[in-house]
Each structure stands twice: as C-alpha cells, then as structure tokens.
Amino acid sequence: MRGMSFDFSSQVLYIYLIMSYPSVHIKSFGCQMNKLDTALVSSALKSVGFNITESVKEADVVLINTCSVREHAEQRVFSHLGHLKHIKETRPDLIVVVFGCMAQRLGANLLGHEAVDIVCGPAQIPQITELVKKAIKEKQKQLVITEKIRQKTNDYQTDALEKFESTYGSKDKHIPGQARLPRGLSGGQAFVRVMRGCNNFCSYCIVPFVRGPEVSRPPAAIIGQIKKLAEAGVKQVTLLGQRVNAYKYTAGEKTYCLADLLEMASDINGIEWLRFVTNYPSEEFFGEILQVMADSPKVCNYLHIPAQSGSDKILHAMNRHYTAKQYLELLDKARAAVADIAIAGDFIVGFPGEIEEDFQATVELVRKARYKNCFIFKYSPRPGTTADKGLKDDVPIEVKKGRNTELLAEQETISGQLSRDFLGKEVKVLVEGPSKKPHLNSAVGEGRLQLVGRTATDYIVVFNGPTSLAGEFVRVKIIKTSPLTLFGELM
Ligand code: SAM
Ligand code: SF4
C-alpha cells in the first residue's frame with residue numbers, strides 16, 4: 001500500500017492532469033450487464049472532463065471491467081494486468097482500476113497486485129469518478145466493495161445506483177465512432193437494466209455471490225430512462241436481468257411484471273424494437289410475455305432461454321427447477337403463441353457427474369429445440385458455489401472439449417438449415433455499423449469492409465452500404481447464408 005500523504009510533485013501532477021483532461025481507457029470483459037456498466041462508467045467519466053481513448057498508450061487511467069463467470073475470463077484479466085504492470089515500470093503514474101464481478105470476488109487479494117490502484121465492486125460504480133480523482137491526487141490504493149454481498153443493499157446505496165443509472169444510462173446516443181462505446185452498444189441501441197443481482201443459486205454460478213440479491217428496479221425509473229434514450233435517438237432498447245422474465249415490482253395496489261414494462265415501453269415514440277435477456281425457463285409470467293410479444297410489433301420475436309442441460313439428473317444437480325420435458329413444453333408454448341419466434345439457448349457441458357448418456361440427452365434436446373443459435377460452455381468450477389464445494393470436477397478436459405465440439409456441430413447443422421430458409425427473402429435490419437472483419441466468403445464485396453446489422457429475430461446480416469446507415473433501419477435481400485450469418489443486398 002502506498003502511504004496516505006501526498007507530496008508536492010503529486011499535487012502538481014494532479015493539477016496538470018485536471019487541466020489537461022486526463023485520458024481514460026476502458027477494457028470490458030463479460031456479458032451485456034458488464035457492457036452496460038462500462039457504458040455508464042464511461043459516460044460518468046466523460047461528464048467530469050475525462051477523455052475516453054481507445055489506446056492504452058495514450059491513457060492516464062486504465063479501467064478494466066471484469067467477469068467471474070468462468071475461470072478463463074479471470075485469467076484474461078490477470079494477463080492484462082501483467083501487461084499493465086510492465087507499462088507501469090516506465091510510467092509509474094498510470095492509474096489502474098479493476099471493477100465489476102472479479103473486483104467483488106477477489107477484493108483485497110486483487111488490490112495486492114502490483115499493477116492495481118483501485119478495486120471497485122459492481123455496486124460501487126457510482127463512486128468511480130471520485131475514486132479515480134482521489135487516486136490521481138493522493139496516489140493511494142483504494143478498495144471499495146460490498147462486505148456482505150448477500151445482504152440487501154441499504155437505501156443510500158440503492159439511491160446512488162438508481163441515480164447513477166438514470167443519469168448516465170440515458171445520456172449517450174450509442175452510435176459507433178461517436179460515443180466510442182464498447183461492442184454491442186452501437187447503432188442507435190441501448191441496454192437498460194431492469195433487475196440487479198440474482199437469487200437463483202444455480203449450483204455452478206458465481207453471479208449471486210458477486211452481484212448480490214435479486215432486486216427489480218421501479219418501473220417509473222425504467223420507463224423514464226427509455227423515454228430519454230428515445231429522445232436521444234435510440235431506436236432499440238434491450239432490457240437486462242439475470243432472470244429478466246421474473247421481473248416483479250409492487251407499487252401501491254399494482255404488481256408490475258416484464259409484460260407490463262414491454263407494453264409501457266412500446267408506447268414510447270421513437271422506440272421501434274424492444275428485446276429482453278436472459279430468460280429463466282419458468283411458467284411464471286411466461287404467457288403474459290408471449291402475449292405482448294404476439295400483440296406488439298415493437299417487441300422482437302426473439303427469446304434467449306438457456307436450458308444448460310438436457311439431462312434431468314444434471315439439471316437437478318445444477319439446481320435448475322425444471323425437467324427437459326418441461327423446458328421443451330415452454331418452447332412449444334412460445335412457438336404456438338408467436339409463429340416466427342427465434343429461440344436461442346445456453347448449455348454447459350462437462351458438469352460434474354455428466355456421463356455420456358447425460359450428454360446424449362443434451363444433444364437430443366438441442367435437436368428437438370431447433371435453436372437459432374446457442375452458446376456452449378465447458379464447465380468451469382467457481383470458488384464458493386455449491387457445485388465447487390460439493391461436487392468433484394470429474395469430467396476430463398478432453399471429454400469437455402469433445403462434447404463442446406459435438407454439440408456445436410449439432411447446432412451448426414440446425415442453424416444452417418434455419419438460415420437457408422431466408423434465401424431470396426427480404427428482411428428488415430437495424431444497422432449496427434461496419435463489420436469488424438471483412439467477410440471473405442461473403443457473396444458481395446469480397447475482402448471489403450461491410451456493414452453488419454440484425455433482424456428483429458436476432459439474425460446477423462452482412463451487406464454492402466455506406467457507414468452513414470449505422471443506427472438506421474434498412475431492408476436487405478438475402479442472397480447467401482451461412483449457419484450464423486445472412487449475406488444480402490441493400491434494397
Ligand atoms: N442469468 C443467465 C441464466 O440464468 O441463464 C445467464 C448467466 S451467466 C452470466 C451466462 C451463461 O454462462 C450461463 O447461461 C451458463 O451457460 C454459463 N455459465 C455460468 N456459470 C458457468 C460455469 N461455472 N461454467 C461454465 N459456464 C457457466
Ligand atoms: Fe447464475 Fe442461475 Fe442466476 Fe443465471 S439464474 S445468474 S445461471 S444463478
């Protein structure tokens with residue numbers, strides 16, 4: 001730990017940095033929740049005069065927003081910190097901030113890392129600008145995390161988070177290149193959190209231990225934020241929650257659920273598409289949500305609903321409260337209510353005790369579910385979770401890799417078939433911006449940069465067009481497909 005006192009030279013540096021607007025670089029790992037937190041922090045820092053830079057070299061302050069869901073994500077942060085430690089040997093005044101889930105999980109241990117100056121938990125992000133200013137001024141290590149993470153946040157902390165969210169969650173029009181926001185927040189789109197934390201305690205999952213108890217935000221705050229985003233030009237809003245379909249808020253006589261939020265947000269002028277992630281497979285409110293999806297042209301016909309496994313034995317060990325049969329019945333119900341709905345899933349392969357028979361049950365479920373796409377992860381034991389404490393990680397890594405590849409191949413066949421149905425059809429696309437890489441196998445513009453966007457059902461569409469279309473809706477005729485991408489021509 002550096003000493004409390006600050007000398008003349010650090011005061012001069014402080015005055016210099018404040019006068020010259022310090023540059024801040026933010027690196028973000030993890031899910032949409034983290035992307036949203038990164039956008040909020042970036043907006044808060046800009047509002048007090050910091051410049052956001054894409055380059056670590058130019059930065060006076062480097063912030064890393066971290067993820068703890070799998071060990072690999074944490075290893076990547078440590079390798080990044082190793083690089084920053086090296087940079088600090090020649091630039092000792094560089095301030096390094098680690099925030100988010102890993103900061104909450106590792107706390108003081110992370111602060112012990114030579115490169116790190118500030119460790120800040122997800123619930124403390126409203127304090128980040130002050131922490132950074134203090135670090136520049138006083139050159140002192142700081143740790144701000146929640147001590148008892150499973151305790152309900154006090155009113156003061158809740159108010160601070162609400163104020164932070166509604167002030168900075170509606171400030172930027174997320175257009176690529178302008179706001180320099182992280183991937184996923186571009187092209188007239190924004191994320192809005194409707195719930196914090198999680199109470200589900202799936203046995204493998206670290207989220208309840210780093211994001212705290214499940215809390216639904218007040219509908220008035222959420223709708224107010226969406227209105228401001230619409231005024232700033234945002235056309236698509238994605239509502240975020242770990243179990244977004246479990247959203248529940250009681251105000252006076254009325255209890256609001258996600259369907260109410262979607263209905264109220266649909267009435268906002270300027271908002272054209274509404275999405276919500278991630279859904280937990282449960283009957284509660286499911287019918288109401290499907291109804292609003294079927295009724296409102298603004299609610300996108302897309303459902304991300306992770307199954308995690310197709311084996312009832314493994315689902316039970318994961319503390320998921322449904323069977324494979326009940327899960328498939330929910331998908332049937334969704335397809336009956338919304339004819340062209342696209343469904344996506346998540347799976348964990350190699351969970352403790354998963355034998356070949358369990359895995360084949362997962363393959364069978366994937367065949368029956370006919371997902372548009374799914375995300376497949378190899379089980380990663382997370383310290384403190386019940387699976388880690390009580391179950392041996394007994395599936396060898398080679399077997400996990402093999403199952404991952406087999407399940408991906410199964411899904412790829414289905415995705416390929418579903419994509420081919422789009423050949424020759426015209427689709428409406430919200431343009432995100434230039435495609436990150438040239439699609440060499442695309443039907444148009446071999447080797448050239450192209451635009452990328454998504455359909456309402458979340459299909460990725462690549463086509464040639466001017467970058468000025470970012471954030472606009474266009475119509476594209478599909479002339480070629482691959483399992484995960486549709487290629488087309490601008491109409
Ligand atoms: N709340 C969401 C849900 O219930 O599906 C998603 C939470 S988690 C951030 C995203 C995905 O990571 C999960 O759906 C799961 O497939 C995967 N995941 C979570 N913990 C994991 C672990 N310990 N090992 C491997 N994958 C994991
Ligand atoms: Fe984790 Fe389960 Fe909560 Fe999703 S629902 S965040 S997987 S504990």
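The following legends describe an overview and several close-up views of a predicted model of one protein chain.

**Figure 1. Overview of the protein chain.** The chain contains 15 helices and 21 strands. Of its 491 residues, 56% are buried. Among contacts with a separation of 6 or more, 73% are between residues 24 or more positions apart. The chain exposes about 21,500 Å², and carbon and sulfur atoms supply 52% of this area.

**Figure 2. The shell of residues around ligand 2.** Three cysteines, Cys 198, Cys 202 and Cys 205, belong to this shell. By type, the shell divides into seven nonpolar, two polar and two charged residues.

**Figure 3. The surroundings of Glu 354.** Glu 354 is placed in the loop between β15 (342–349) and α13 (356–369). Its relative accessible area is 4%, so Glu 354 counts as buried. A polar atom of the Glu 354 side chain lies 2.8 Å from the backbone nitrogen of Gly 350. The side chain of Glu 354 also makes a polar contact, at 2.8 Å, with the side chain of Arg 403. Leaving aside residues up to four places away in sequence, Glu 354 touches Ile 314, Ile 348, Val 349, Phe 359, Val 395 and Arg 403.

**Figure 4. The salt bridge between Lys 139 and Asp 93.** The two side chains meet with an N to O distance of 3.6 Å. This pair links distant parts of the chain, 46 residues apart: Lys 139 is in the loop between α5 (128–138) and β6 (142–144), and Asp 93 is in the loop between α3 (71–90) and β4 (95–100). Lys 139 is buried, with a relative accessible area of 14%, whereas Asp 93 is partly exposed at 41%.

**Figure 5. The salt bridge between Lys 313 and Asp 358.** Here the N to O distance is 2.7 Å. Lys 313 belongs to helix α11 (residues 312–317) and Asp 358 to helix α13, and the two residues are 45 residues apart. Lys 313 counts as partly exposed, at 45% relative accessibility, while Asp 358 is buried, with a relative accessible area of 7%.

**Figure 6. The salt bridge between Glu 432 and Arg 454.** The closest N and O atoms of this pair are 3.2 Å apart. Glu 432 is buried, with a relative accessible area of 18%, and Arg 454 is partly exposed at 27%.

Key: Residues are numbered from 1 along each chain as its sequence is written. Chains are lettered from A and ligands numbered from 1 in the order in which they are written. This is a predicted model: local features need pLDDT of at least 70, side-chain atom pairs count only at pLDDT 80 or more; totals for chains, interfaces and linings use all residues. Side-chain values use heavy atoms; hydrogens and water are left out. Helices (H or I, at least four residues) and strands (E, at least two) are DSSP runs, numbered from the N terminus. Buried means under 20% relative accessible area, exposed over 50%, partly exposed in between (1.4 Å probe, protein chains only). Contact means heavy atoms within 4.5 Å. Accessible areas come from the Shrake-Rupley method with a 1.4 Å probe; for residues, only the protein chains shown count as cover. A residue is near a molecule or strand if one of its heavy atoms lies within 4 Å of it. Ala, Val, Leu, Ile, Met, Phe, Trp, Tyr, Cys and Pro count as nonpolar, Asp, Glu, Lys and Arg as charged, and the others, Gly among them, as polar. A polar contact is a pair of N or O atoms within 3.5 Å; within protein, one must be able to donate a hydrogen and the other to accept it, and residues adjacent in sequence count only if both atoms are side-chain atoms. A salt bridge is a side-chain nitrogen of Lys or Arg within 4 Å of a carboxyl oxygen of Asp or Glu.
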